[in-house]
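Open the model in your viewer and keep the selection panel at hand. Each stop below says what to select and what is there.

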Amino acid sequence: MSSATASDGQLTFEAPGPGTWLLDSVHMPRPFTRFQAAIHPPALYAGFNEGLKRYGLILDGLDYKMVNGLAYFALVPAPDSDVPGRFAAAEKAVAEKLWRSDLQRWDAEVKPAAIRQHLALQSVEPATLSDEDLARHIERCIEHLTRMVKQHHAFNMAAMLPVGDFIASVSQWTGLPPSAFMPVLRGFSPESAGHMKELDGLVAAIHANPKSQALLSSDAPARQILASLRGEPGEVGSAASAYLDIVSYRLLDSLDTGDATAIEMPEVLLNGLRVAVEKGTMVLENVPASEVATLRARVPAEHQPAFDELLAEACHMSRLRDERGLYSDVWAAGIARHALLAYGARLVAIGRLHEPAHVIECDPTEIRALLSGAANPDADELAERADERASLRASDGPPFLGDPPHPPPPLDGLPPAAARLMRALGTAVDALFAPSHAVSDAGTVRGTGASPGLYTGTARLVSGPAEFGRLQRGDVLVTSTTTEAFNIVLPMISALVTDTGGLLSHAAIVSREFGIPGVVGCKDATTRIADGSRVTVNGTTGEIKLV
Amino acid sequence: MDAVLLRDAIDANVFGGKAVQLGAALRAGLPVPDGIALSACFVNALVSGNNAARCAFKDIAEQMDGALAVRSSAIGEDSKDASFAGQHATKLNVHGIEPALFAVIEVWKSGRTETAVAYRERMGAGSEPQVAVVLQRLVQADIAGVLFSCHPVTGADEIIIEAGWGLGESVVQGMIIPDSYRMTRTGVVLERVAGSKDIAIRKLPNGGTWQEPVALPLARRLCLGYPQLRSLHELVTHCDKTFGVEPHDLEWAFQGSQVFLLQRRPITRIGRLSKNCALR
């Protein structure tokens, strides 16, 4: 990991290699820990690479490099010798709708197997292990996390291409901006709306059991209430365990083992549950047929059959976007974190560390050295790394390093299937990362309208999990970015505003799924909007008025 | 008329409380920048233009080449009952004989402003201030701030520290939201909360200071790590040995890894946390 400080104490950012390097502030709002930085990039590359090859794209992967702990990535083209094989693979992928069989495989094998592995690992309570067994457990957690990062990214193509294909084609046919028609995809990513069968089961069990309702609304500490729910006899206890087993170890707002899991913020889990119980089992809103018909009517008649097909594919695949993270690395990282914190607590007890979490400032090699008694890195140095990381946000880094970004090369020369998939990928990546070009002025912050609607309420600036407890029902959540793991706090809010991300960013999707106004990619929302101020969010125009 | 090495300042009625506290700290081996204490009588003579005084001052100032801090050490100031904090001017980064003389006169004048006089009367100190002065080598502070050896508001038996980048004036005068730290009296760190330190007071090459803007992320970076907190704990323990366990109110600075004690006084009835302190 490179880190550089100029003579005046300010960080300097140098491109980590030739070419263009783009900042990934969408997935990683803060700097990576050294632990995650050692595991993430190679596993991400391997997973991405597998998907790119299977779908026949002429890219090899994303080269992720840390600069002062912030993630920058460069696109790596496929080797020339691979290109003919890729063209053939693309043709086959499109003809067979490869994403559909990937989703089947995800549902039938990959996701259930991952859940089994997560549950098996998290059933081990690291605090009870001997030092030797804890060392072995940590090793297993590292290996598991590495596989899960790879698994997440192995499904990138299946999650992104059908949606990218839909956006690119409809834009071309109708001339409409994607924000105008993206809402027709809502309702197909239930888990993005916090909708999962384990939560529904718990809500139903609590509705049927007045005693558990009283427990839920008691003044006892959140952690205690959750434990009591688990301990209830009958349906409530088993439903609570089923739900909490799945969500407790999820990272709350990032993909980094250095950030908090849900169970470390029990108030957040409990508030989410209270809201779900109050609202009752969520019924996903179906997109009105008239809305789809209006959009379809703007598509030239000769493309309407293709429109129907692309819409069906995009809707069918939509849920994979969030699921692939939630059931892979978001969960595995939380399990690894739990083991590392237990080890950190032992180091604190012998005066070897200042805080348990500082052990995650070590890369895996350093952790192995510590486990075998090494003296370095010492407690002060690890605290120093934590301080430095805590002070830095992704928004402090330049949006790109090295050569200025240039438009992708024309796709004309490619065979039709390869051209179509490359266009779909480019569109999806843009929709994921590209911030709005709209400029804010006094009294108005502007971004990309991601989910239509108008709402006036109290702005709540939340920079990370430590602040989730401040969210009140009906708040406008203003934050730099959200990830899959954020879902747990979303039922409480009434509008969502982010600094980063485009129409396919997590924040954009969840605001559509929840049917709340959403504005993403504002760049400066978190600096322009004051915590506690009244704002009016217009998710249709992408404007936030400071009332 | 008197001017002595700071370490030889003993009589608070001649050199004022600040000089005497610093003198005692120096004699005890605390890391205080060296300097000269000017008696109130000497300062009065300088202000009235007394020729002998000005000649003597020239000799003193010549010995103290380099950047100086010129601080008031008024008689009756920093007593246990009244801190007089902020009532008298401090001139930082003073270079050369003429500027040093001018700084002494400015400090003397600041003891006679309306607010300073009103404050004295309210504290029953009489309206005619006697201002002694300390000339001290200026520490090129990278990090500076204040330390209380008990909680200045609740009286809790723990160490409270506030810190910012550059010279300590940004903390003392409430120009920034400082970092705040809590430690047990035995040196166990309880809490470290990063502030918003978007200004650093830095010295200018030819004298005086300026408010340097501090960009993110440095402004929100904790300025004290564990090694510095240990140094401050050693400093306050040393003060306990020297001054007794009566709670201290310290101003300190780090130049590189070296800690300096810039001021020590007993904690007075009037809390002296910076204006932006979250503890209030």
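Select helix 19 of chain A, residues 506-514. 9 of its 9 residues are buried, so helix 19 is largely enclosed by the rest of the structure. Buried means that 20 or more other C-beta atoms lie within 10 Å of the residue's own, with C-beta atoms placed from the backbone; 12 or fewer would be exposed, and in between partly exposed. Helices (H or I, at least four residues) and strands (E, at least two) are DSSP runs, numbered from the N terminus.

This is a predicted model: local features need pLDDT of at least 70, side-chain atom pairs count only at pLDDT 80 or more, and totals for chains, interfaces and linings use all residues. Residues are numbered from 1 along each chain as its sequence is written, while chains are lettered from A and ligands numbered from 1 in the order in which they are written.

Stay on helix 19 of chain A. Its buried residues include A:His506, A:Arg512 and A:Glu513. Helix 19 runs at about 45 degrees to strand 6 of chain A. Angles run from 0 to 180 degrees between N-to-C directions, and axes are lines fitted to C-alpha atoms, for helices over the stretch in contact. Step past the end of helix 19 to A:Gly515, where phi is positive, near 65 degrees.

Next, show the sheet of chain A. Its 8 strands form an open sheet in the order 5-12-11-7-8-9-10-6, with mixed pairing. Strands pair if DSSP finds at least two bridges between them. Strand 5 (444-446) and strand 6 are at the edges with a single partner strand each, so one side of each has no neighbour in the sheet. On average, neighbouring strands here are turned by 30 degrees against each other, direction ignored. Zoom in on strand 7 (residues 454-461) and strand 11 (residues 534-538) of chain A: they run antiparallel, joined by 5 bridges. Find A:Tyr455; opposite is A:Val537 in strand 11.

Select helix 7 (residues 197-207) and helix 10 (residues 234-247) of chain A. They pack at about 155 degrees, with axes 8 Å apart. These two are therefore roughly antiparallel (over 145 degrees; under 35 is roughly parallel, 65 to 115 roughly perpendicular, the rest oblique). Among the residues in contact (C-beta atoms, placed from the backbone, within 7 Å) are A:Leu202 of helix 7 and A:Tyr243 of helix 10.

Move to chain B. How many residues of chain B are in contact with chain A? There are 12, against 14 residues of chain A. The chain B side divides into 9 nonpolar, 1 polar and 2 charged. Ala, Val, Leu, Ile, Met, Phe, Trp, Tyr, Cys and Pro count as nonpolar, Asp, Glu, Lys and Arg as charged, and the others, Gly among them, as polar.

Now show the sheet of chain B: 5 strands, open, antiparallel, in the order 1-2-5-3-4. Strand 2 (residues 35-38) and strand 5 (residues 131-137) of chain B share 4 bridges. B:Gly35 stands opposite B:Gln136 of strand 5. Helix 2 of chain B packs on this sheet, touching strand 1, strand 2 and strand 5.

Last stop: helix 2 (residues 40-47) and helix 3 (residues 51-63) of chain B. Their axes come within 8 Å and cross at roughly 110 degrees. The two helices are therefore roughly perpendicular. B:Phe42, B:Ala45 and B:Leu46 of helix 2 meet B:Ala53, B:Arg54 and B:Phe57 of helix 3.

Methods: Two residues are in contact if their C-beta atoms, placed from the backbone, lie within 7 Å.
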